[in-house]
Amino acid sequence: MADLRNNFVGIKSPNPFWLASAPPTDKAYNVERAFKAGWGGVVWKTLGEEGPPVVNVNGPRYGAIWGADRRLLGLNNIELITDRDLYTNLREMKQVKKNWPDRALIASIMVPCEEQAWKAILPLVEETEADGIELNFGCPHGMSERGMGSAVGQVPEYIEMVVRWCKQYTRMPVITKLTPNITDIRKPARAAKAGGTDAVSLINTINSIVSVDLDNFAPNPTVGGKGSHGGYCGPAVKPIALNMVAEIARDAETYGLPISGIGGITTWRDAAEFLALGAGNVQVCTAAMTYGFKIVEEMITGLSDWMDEKGHRTLDDVIARAVPNVSDWQYLNLNYIAKAKIDQDACIKCGRCHIACEDTSHQAITNMVDGVRRFEVMEEECVGCNLCVNVCPVENCITMEELPAGSLDKRTGKIVDPNYANWTTHPNNPMARQAAE
Ligand SMILES: Cc1cc2nc3c(=O)[nH]c(=O)nc-3n(C[C@H](O)[C@H](O)[C@H](O)COP(=O)(O)O)c2cc1C
């Protein structure tokens, strides 16, 4: 059996699945149930400074995007940090940690960007015996207008400064949670590293307006006739999160910095992809809010079964394995050639591949052959773009087939270079030529 035990910056948990800081981790009742269901750890809903808690809207907090089957693809929220009293949270955290010593319990914190505010809260959190802290530099709404959350996360100098204070005033490991609402994610990650962070976690939610109510002409969710931009998450954001994780994992300046991967993780496969791109563990929010805590069971058994099947014994056999294969465009092998192929037995003759190719691409798919409705790829026109594969409603009906070395590419009339696999040193590779000069 694969060993799923996780050690993230010295914080141990029985598996790499943590719940991200959000409503599922807002109180002891939820967290206890999550641990019973099997979650390896939680990042408690973000704590604020001492004093009256923040006040949330009392109307709708969420907007959503659905697929045609009403499956939730993206969730948008205008919620703030915890609206419960700081000391109630701290008391509950301490009790939960005592009850579940083998699970990871991380305190998420967001206080004003002032040394005194951080210095004051850290000993209170330490008192709970939490395993670490996560600095919430991510929330794009509500708190950022008050100079916190993404207002800090968008300024690398502030990140570095706050991380430094935290490293100075606490012995707990520091995880810096990054906002995706920035052009180049490597810059805040580098700043966090310069400040001495033990790890980064990403992504927090993406700034967004999810839809507009066309009867009232106001963004959704609409609160008394008005709406506000909110934070977007769920399956729709996974590609953005994966790229940002990979950017940090392969950046020379942050290479080796532990990453907790977050964003749209719903299945074991999503989690495995984050691990492969360099995440040391993962955090989940929307999937738990959509399907309940028990989805972790599928994540655990799915990941474990896949690791067994592939012969990966521990998470270290998977973590960062895909990072060396993430390349900048200019290093892609231009001598590699693939063509679409349609499985005639699987084809339902809907014609979507033909329309897409005919109207918008390379006119490489027939709709009639010898007077009969039939969809075939004309190899002499196909550039291997893959659009037909993506618009085809039947999975695996259209596949991309690599042309073997030495065969004829009917489109260009050239023989596929027998040496094309050696692209790094190939004379057709402009980067190789540049390096040789
Ligand atoms: C309703 C809601 C509230 C959230 N509150 C917090 C929060 O208090 N602190 C925080 O760091 N992130 C918060 N998040 C962001 C999540 O922790 C997570 O980064 C984000 O939702 C992406 O993960 P997902 O796609 O699995 O949901 C919240 C997300 C949602 C949906």
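Guide: Let's start at tryptophan 66, which stands opposite leucine 72 in S6. The model is predicted, and local features need pLDDT of at least 70, side-chain atom pairs count only at pLDDT 80 or more, and totals for chains, interfaces and linings use all residues. Residues are numbered from 1 along each chain as its sequence is written, and side-chain values use heavy atoms, with hydrogens and water left out.

Visitor: What makes S5 and S6 a pair?

Guide: Strands are DSSP runs of E with at least two residues, and helices are runs of H or I with at least four, both numbered from the N terminus. Two strands pair if DSSP finds at least two bridges between them. S5 and strand S6 (residues 72-77) have five, in the antiparallel sense, so they qualify.

Visitor: What makes S5 and S11 edge strands?

Guide: The open sheet runs S5-S6-S14-S11, with antiparallel pairing. Strands S5 (62-66) and S11 (206-208) each pair on one side only.

Visitor: Why is the pair of phenylalanine 35 and tryptophan 100 called tilted?

Guide: Phe, Tyr and Trp rings (the six-membered one for Trp) pair if their centres lie within 6.5 Å; planes under 30 degrees apart are stacked, over 60 edge-to-face, and the rest tilted. A search of the whole structure finds four such pairs. Here the centres are 5.5 Å apart and the planes stand at 50°, so tilted it is.

Visitor: What about tryptophan 118 and phenylalanine 137?

Guide: Their centres are 6.4 Å apart, with 70° between the planes, so that pair is edge-to-face. Tryptophan 118 lies in helix H3 and phenylalanine 137 in the loop between S8 and helix H4 (150-153), so parts 19 residues apart in sequence are tied together.

Visitor: What makes S8 mostly covered?

Guide: Buried means under 20% relative accessible area, exposed over 50%, partly exposed in between, using a 1.4 Å probe and protein chains only. In S8 (residues 132-136), five of its five residues are buried. Gly132, Glu134 and Asn136 lie on one side, Ile133 and Leu135 on the other.
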